[in-house]
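Please open the model in your viewer and keep the selection tool at hand.

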Amino acid sequence: MNPDGTSHRKDNTMTTMTTSDPYPAILEAAERFEASLGRTQRADLLHPHTFANARRWHTYPQWSLGRSRRLGVNLASLSGAQWKTLTRLLQAALGTGTDRGADQVGQHIIADEYLRSTGMGDGYGRTGFRIAFLGEPTAEGRWQLQCGGHHLAIANTYEGGRLTGATPSFRAIEPCRPFSYQGRTYDPMGRKRRALCTLLASLDSTQRRAAELPDRPDDLLLRPGRDWTFPTRREGIPVADLSADRCALTLDAIRAWVEDVDDTNAARILARYESELGETTVAYAGSVLLTDTGDWALIDGPSVWIELRMDEPYSTTEPHPHSVWRDRHTDYGGLRS
């Protein structure tokens, strides 16, 4: 689902490395989007590439963030033609499959439109989402594509014509269950949550005891504002102790987050994480079903950090998933200050 509500259905589950260079298309799409904007919109789009700006992402709605609100162009200000150029940019920079990347971004925006339609207020919906360029997109320079809103954060960093960091990447959703809006059904976080549940459910009783932690965190450990604070000790059960089938399920769960990036870079990143599975652990707290408030799951490796927690009900009567994908080496493209 595109952000403007139109549909594109191109399933492209990644199984092998690809060799095409996605950056020329990303750069061209970024330049076309910038060129489509008016003077005021362009001023809202462009900001310096600093750590202070890069870390201005959050799960909260825009209206609740005060001075720490997101940077960028208000997506509600875009014309139909500008929406088309934005869609082309997201399709170039993000994964192309259904429930991945650009399609998932569109579903996240629709989920917020759904909350608005249920009476949550005019601050919900498209008007709460922003897109910013931190630094000017060029063939050789360093810049970040930053896009986000309620329950969504994209932070793709590029330097020298290559993706140097695809994280922090934040995904959450409310309502948790599939919902219908304007005659269609959506489930933006279903694939991610199911992948983790399938992995945890595959563990036998001994393995579950090894993976289970005694306390459920009261929030995501690497939540917004918690940058470069990775624990020094990995907890849970080593993936090296699991069967080949369960190792494959671990990789499937990782894939559900990584494939939000463009297909070529997703394959490259996934290959790195797969090579590190022998030093990766899986942990959880609460229920392996990930249904109750505070239920939590973690995949933690030498590079990968994927964390999901069931957050308290807010806009609906049920808990809903918050998740973050981090990388111990390439968060913000390595930028720290």
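Begin by selecting helices α8 and α9, where α8 passes α9 in a right-handed crossing, a term meaning that the near helix is turned clockwise from the far one by less than a right angle, and left-handed if anticlockwise. The contact, counted where heavy atoms lie within 4.5 Å, is made by Leu251, Ile254, Arg255 and Val258 of α8 and by Ala266, Ile269, Leu270, Tyr273 and Glu274 of α9. Sorted by class, this contact has 7 nonpolar, no polar and 2 charged residues, with Ala, Val, Leu, Ile, Met, Phe, Trp, Tyr, Cys and Pro taken as nonpolar, Asp, Glu, Lys and Arg as charged, and the others, Gly among them, as polar. The axes of α8 (residues 244-258) and α9 (residues 263-275) come within 10 Å and cross at roughly 150°; axes are lines fitted to C-alpha atoms, for helices over the stretch in contact, with angles from 0 to 180 degrees between N-to-C directions. Helices (H or I, at least four residues) and strands (E, at least two) are DSSP runs, numbered from the N terminus.

Before moving on, note that this is a predicted model, in which local features need pLDDT of at least 70 and side-chain atom pairs count only at pLDDT 80 or more, while totals for chains, interfaces and linings use all residues. Residues are numbered from 1 along each chain as its sequence is written, and side-chain values use heavy atoms, with hydrogens and water left out.

Next, select strand β3 (residues 130-134), where 5 of the 5 residues are buried, so the strand is largely enclosed by the rest of the structure; buried means under 20% relative accessible area, exposed over 50%, and partly exposed in between (1.4 Å probe, protein chains only). Arg130, Ala132 and Leu134 lie on one side of β3, with Ile131 and Phe133 on the other.

Strand β1 (residues 46-47) pairs with β3 in the parallel sense over 2 bridges, and Leu46 has Phe133 as its bridge partner. Strand β4 (residues 142-149) pairs with β3 in the antiparallel sense over 5 bridges, with Leu134 opposite Gln144.

Notes. Pairing = 2+ DSSP bridges.
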